[in-house]
Amino acid sequence: MNITETLNIRKLIGIMLIVLISTLGIVSCDDDGDDPVDPDFDRAAMLESVASNLIIPNFEALQSSVNALEGAANTFAQSTDEANLATLRTTWVQAVTDHQHCSAFGFGPANLSLGPYAKVLGTFPVSEEKVERNVVTGDVDLANTFDLNAKGFYTVEYLIYGNGATDAELVASFDQARKDYLLLVIDDLTTTFDNIVSEWKSSYLQEFISSDGTSAGSSISLYYNEFVKDYENLKNFKLELPAGLTAGQESVDGSLVEAFYSGISRDLVEEHFENSKNIWFGLSRSGDPIIGFEEYLSEVEGGTALIATTKDAITVIDNAIAALPQGRLSDNIGANEVKVLRDELQANTANFKSSMSSLLGISITFNSGDGD
Amino acid sequence: MAFGAVMLFSTLRYIWMGWIDTQLVDPLLHFSYYGFDWIAPLPRAGMYAVFILMAIACIGIIIGWYYRVSTITYFLCFTYVELIDITYYLNHYYFVSIVSFLMIWVPANRNFSLDIIRNPALKQEKVSRWCIDAIKLQIGIVYVYAGLAKLNYDWLFKALPLAIWLPAKTSVPIIGGIFKYKFTAYLFSWVGMLFDTFIILGLLIKPLRWLAFIAVVVFHTLTGILFQIGVFPLVMILAVPIFFSDSFHENLQTKLSSLLKFRSQPSTSLRTHKPAPQNRLILPFLLVFFLFQLTFPWRYMLYPGNLFWTEEGYRFSWRVMLMEKAGTATFYVKNGESGREGSVINHQFLNPHQEKQMAMQPDLILQFAHYLKEYYAQRGMEDPQVRAEVWVTLNARPARLLIDPALDLTEKKDTWAPKEWILPFQKNSTR
């Protein structure tokens with residue numbers, strides 16, 4: 001290295017230092033407060049807590065209620081009368097209520113080959129035409145069909161509630177073909193949830209707890225992602241679409257609600273949000289405290305403010321749900337209360353979605369980023 | 001020139017291939033770069049063809065076979081793919097584009113390449129100094145600008161965004177335990193800033209060079225482990241050896257030859273000399289090129305408001321890993337005739353990555369709004385008006401509205417002018 005080169009480098013260092021120091025001076029004039037302590041959160045403990053106290057028990061409840069549904073359906077198939085139909089309906093209501101408490105957990109064993117189970121078995125509205133066709137055809141390969149609107153919970157509902165028929169007419173309509181298809185659809189349900197529960201309890205639990213990072217595909221990322229998607233499904237498909245509040249719609253369409261035939265949509269909306277709250281607050285379905293996102297947030301930069309904002313938003317949503325007109329949601333779908341609830345759910349979306357994943361540093365996609 | 005080795009990484013882009021479908025073929029729409037909205041993806045088979053061509057070009061560059069054709073092909077293909085969708089913009093893709101562009105003009109095939117076997121007259125032991133210096137300068141710009149970009153209040157005095165990112169990485173083996181401490185975030189912030197700003201000096205000063213190289217390897221390996229930044233660390237680690245002396249590269253070349261049983265004449269001295277480029281056009285061209293490189297990143301100073309918030313002048317400026325920003329954007333489309341308004345389910349149009357990127361960048365929000373206008377107009381809606389409610393959180397601050405939710409975005413156009421419709425950045429968290 002010759003002398004001029006050394007000189008140049010010296011000069012260069014000098015210039016860079018000056019730039020650096022002067023910029024530091026400018027920059028430090030800025031102000032801001034609020035500095036939390038060292039964050040220290042045990043994600044593995046959270047995963048263990050939610051798996052053992054929320055996810056698995058909720059799937060077990062669903063497993064047992066679809067099995068009860070199957071039992072009632074068998075009884076109804078053997079002695080087809082209005083009393084057994086009533087029992088069958090009660091078991092269905094229990095199953096579909098339990099489903100609201102599982103629909104957010106569509107990952108791992110509950111992510112079926114065609115997608116999260118709630119999409120595969122919880123699609124609504126049902127295609128009455130396809131169901132009737134399948135009844136006639138019989139022997140449909142339900143596990144592999146792409147016709148998700150002719151199977152699952154709401155196909156059972158259509159079959160056992162009917163669309164406008166009296167109970168007597170409905171019972172009379174149950175010929176062997178109809179009974180067979182009902183049992184086939186229910187069998188698809190029991191098989192699926194038997195599998196999900198057994199996989200969770202055999203190998204997946206350990207796998208779930210041990211993947212305790214935050215990158216895409218980690219357990220936290222899966223759990224979080226499905227939580228947000230499920231929350232958005234509540235808003236988008238259970239309220240917005242039937243209420244005609246989606247872009248391009250010119251009118252309401254009450255037949256698009258969840259559980260149109262039984263008319264229990266309103267209850268299901270409540271149950272659905274109940275589970276969202278359980279996940280966020282960290283509560284088991286019976287209300288025992290477990291580790292939720294609230295506790296996780298309390299340990300990170302900016303978390304306190306977000307917790308306060310989110311809690312306020314949740315209270316507002318609770319009130320909006322309570323204010324929904326009683327009775328069939330499909331009859332009241334144009335009511336302003338429905339729009340208010342949609343708006344409040346929307347207002348909280350940023351809290352659950354972008355703000356929370358940002359503070360927790362959870363990666364949603366596998367794409368690499370510049371960190372912006 | 002052993003610089004061909006750097007291009008070796010490019011073949012790693014094979015990994016990308018699984019992404020062709022999800023990123024380039026499947027999406028219904030693509031977000032374009034300003035002025036490049038005419039760039040469109042090819043049908044599926046065409047996209048695969050481009051990638052295969054790119055791979056062949058890479059091999060050509062590595063073995064020095066039809067070198068110039070290979071570099072041009074690679075540059076064109078790579079840049080084309082990059083330009084298809086801005087939501088995949090990464091500084092290191094930009095870097096790869098620039099370097100592959102520079103490589104076109106650098107006769108890196110004059111030694112240790114198949115082109116020499118093809119045409120021995122091409123052989124040249126010495127490579128013009130400007131070739132190497134140009135690339136050195138480019139690397140220098142990348143580091144120094146990345147360093148200067150870190151000179152902001154959040155980065156230095158709040159250790160943000162590292163104070164968000166590091167605690168999320170406590171499950172990293174061995175070192176994970178230290179990430180929960182706030183101190184670690186501060187340490188990493190300052191070391192990162194100093195590293196970026198001064199590493200180039202370390203690489204230029206001979207006695208420090210090995211030390212600096214070790215620092216480069218450690219730094220980039222660490223960031224590679226910690227963050228989802230793809231091949232970037234590898235790119236930089238492989239690019240930096242250009243700062244090493246000629247003898248280092250000769251050694252490497254000889255070893256590589258014996259390893260490959262490549263029967264080249266014992267490599268004599270490959271000296272850098274010939275101060276002036278042989279082509280008169282090259283010097284002014286380089287001058288203009290680097291003038292652009294040096295000044296373009298400063299354009300943000302011409303825009304009012306907070307750079308991180310508005311992102312006006314953010315891209316193409318080596319701002320890497322600088323902020324944690326995320327948004328939720330809800331679009332409302334109103335039928336201008338009936339007055340009925342409905343919201344848009346973003347994921348019916350966008351993949352998760354596109355949605356995430358769009359929801360915090362004003363120019364992309366505008367693009368999506370215009371797309372929605374077209375989409376609904378085509379479906380027969382009269383005079384669609386599009387507004388968006390966009391909540392954005394920046395470096396752990398409570399989310400704020402990015403734009404006026406009542407504004408009809410279809411009436412706004414993206415230009416170089418400041419976007420006066422972006423709401424001002426509010427730093428304090430009063431609600």
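Predicted model: local features only at pLDDT ≥ 70, side-chain atom pairs only at ≥ 80, totals over all residues.
View 1. Residues are numbered from 1 along each chain as its sequence is written, and chains are lettered from A and ligands numbered from 1 in the order in which they are written. The axes of α3(B) (residues 44-63) and α4(B) (residues 67-84) come within 8 Å and cross at roughly 145°; axes are lines fitted to C-alpha atoms, for helices over the stretch in contact, with angles from 0 to 180 degrees between N-to-C directions. Helices here are DSSP runs of H or I with at least four residues, strands are runs of E with at least two, and both are numbered from the N terminus. Among the residues that meet are Val50(B), Leu53(B) and Met54(B) of α3(B), and Tyr74(B), Cys77(B) and Phe78(B) of α4(B); contact means C-beta atoms, placed from the backbone, within 7 Å.

**View 2. Strand β3 of chain B sits between its pairing partners and the rest of the structure.** In β3(B) (residues 325-334), 8 of the 10 residues are buried, so the strand is largely enclosed by the rest of the structure. A buried residue has 20 or more other C-beta atoms within 10 Å of its own, an exposed one 12 or fewer, and a partly exposed one falls in between, with C-beta atoms placed from the backbone. β3(B) pairs with β5(B) (residues 385-394) in the antiparallel sense over 10 bridges; two strands pair if DSSP finds at least two bridges between them. Within this pairing, Lys334(B) has Gln385(B) as its bridge partner.

**View 3. A hairpin joins β3 and β4 of chain B.** The antiparallel pairing of β3(B) with β4(B) (residues 341-343) runs over 3 bridges, and Val333(B) stands opposite Gly342(B). Between the strands lie 6 residues, and Gly339(B) takes a positive phi near 80°.

**View 4. Helix α14 of chain B is hardly covered.** Take a look at residues 282-295: these 14 residues reach 20 Å from first C-alpha to last, close to the 20 Å expected at 1.5 Å a residue. That expected span is 1.5 Å times one less than the number of residues. The count of buried residues in α14(B) is 0.

**View 5. Phe198 of chain B is a buried residue in helix α10.** Phe198(B) belongs to α10(B) (residues 182-204) and counts as buried because it has 20 C-beta neighbours inside 10 Å.

Conventions: Contact = placed C-beta atoms within 7 Å.
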